[in-house]
Amino acid sequence: MVHHTLSPRQYLILGLVAVSAPLGDSCLKRGMAAMPPISLAHPGALIAAVFTPWIALGIVLLIGFFASYLTALSWADLTFVLPATAFGNVIIALLSRFWLHEAISLERWAGIVLITIGVGFVAQGPPMTKKPVHEILEIEERAIAASALGEWPEPASHIDRELPR
Amino acid sequence: MTLPYPGFHFDLHHDSWVNAAMIAAVVLCSTAGEVLTAAAMKSIGDLDVIRAHSGLKGAIRAVLTCPLFLGGVSFLALAFFSLLFALNHLNLSLAGPASASLTLVTNAVAGKIFLKENVDRRRWAAAVLVCVGVYLLAH
């Protein structure tokens with residue numbers, strides 16, 4: 001499976017990865033801040049917390065994050081996806097600056113600039129490392145075996161093979 | 001998922017070795033979890049394509065029946081609880097940003113060694129820049 005460019009759908013998934021994690025964290029933070037201090041002696045309070053609106057919304061967003069994160073990892077390298085995840089913090093910081101009019105310190109602006117440059121570096125390269133042919137064939141063999149067992153209806157014909165000449 | 005949540009109780013300890021060990025535990029568990037999860041997703045193949053062939057159920061089953069994925073999720077859970085533990089003992093503004101940013105660099109190293117990813121100069125530079133950036137932004 002070798003993609004050198006990402007489809008609009010894949011950019012959308014990377015965007016979801018970036019935005020849903022910090023948004024989910026913010027919701028949890030907001031929900032937990034509104035709760036009285038919770039101690040481990042009363043775990044029931046933690047379970048009740050799950051059903052408050054902000055925390056429930058946070059959990060839904062984080063489940064969405066994990067689903068899109070796994071999808072992204074299935075067609076892109078870990079070292080490509082992780083900086084994209086970090087870029088979400090930049091988006092949230094900028095949203096809080098221009099939407100909620102929160103002040104951003106010089107230190108945080110420096111962080112925003114560094115993350116943006118870092119993500120720019122990664123985005124210029126290919127998202128997935130090319131696999132050696134024997135590994136691609138192995139994956140395909142396993143997929144064919146799985147499809148023979150009825151687990152998948154078709155062999156992994158989506159793998160773009162580059163056969164040796 | 002490494003932002004600290006209010007509502008938990010924080011204590012300050014001043015033994016720097018213990019502090020470093022707690023942050024190292026978070027970083028190691030988190031790196032192991034991310035690498036195992038990434039290896040699982042690479043072995044499964046393009047999820048969008050699997051979903052197109054066998055529907056959402058098929059895609060979910062392909063993920064949940066992968067042993068590497070279950071190992072990865074176990075380590076991510078361990079990382080989450082060790083972060084909560086660290087947050088309970090360390091300064092809030094140190095543990096969160098330090099573990100979040102260090103994980104980016106350890107993941108680049110682990111991605112190169114274990115996943116055989118092509119971590120070229122661009123990706124090394126990105127890992128270091130984003131690491132410092134996340135620390136500054138979250139600090």
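Biologist: How many residues of chain A are in contact with residues of chain B?
Modeller: This is a predicted model: local features need pLDDT of at least 70, side-chain atom pairs count only at pLDDT 80 or more, and totals for chains, interfaces and linings use all residues. Residues are numbered from 1 along each chain as its sequence is written, and chains are lettered from A and ligands numbered from 1 in written order. Two residues are in contact if their C-beta atoms, placed from the backbone, lie within 7 Å. Chain B brings 46 residues to the contact, and chain A brings 47.

Biologist: Which helix of chain A gives the most to the side that touches chain B?
Modeller: Helices (H or I, at least four residues) and strands (E, at least two) are DSSP runs, numbered from the N terminus. H1 (8-33), H3 (53-75), H4 (78-98), H5 (106-124) and H6 (133-148) of chain A each supply at least two residues of that side. With 13 residues, the most comes from H5(A).

Biologist: How many residues on that side of chain A are nonpolar?
Modeller: Ala, Val, Leu, Ile, Met, Phe, Trp, Tyr, Cys and Pro count as nonpolar, Asp, Glu, Lys and Arg as charged, and the others, Gly among them, as polar. The side has 11 polar and 6 charged residues, and its nonpolar residues number 30.

Biologist: Is A:His101 buried or exposed?
Modeller: A:His101 is in the loop between H4 and H5 of chain A. Its phi is positive, about 55 degrees, though it is not a glycine. A residue is buried with 20 or more other C-beta atoms within 10 Å of its own, exposed with 12 or fewer, and partly exposed in between; C-beta atoms are placed from the backbone. A:His101 has 7 such atoms, so it is exposed.

Biologist: How many other C-beta atoms lie within 10 Å of that of B:Lys116?
Modeller: B:Lys116 lies in the loop between H4 (92-113) and H5 (121-138) of chain B. Phi is positive here too, near 55 degrees, and the residue is not glycine. Most residues other than glycine have a negative phi. B:Lys116 is partly exposed, because its count is 14.

Biologist: How are H1(B) and H3(B) oriented to each other?
Modeller: Axes are lines fitted to C-alpha atoms, for helices over the stretch in contact, and angles run from 0 to 180 degrees between N-to-C directions. H1 (16-44) and H3 (67-89) of chain B pack at about 160 degrees, with axes 7 Å apart. Under 35 degrees is roughly parallel, over 145 roughly antiparallel, 65 to 115 roughly perpendicular, and the rest oblique. H1(B) and H3(B) are therefore roughly antiparallel.
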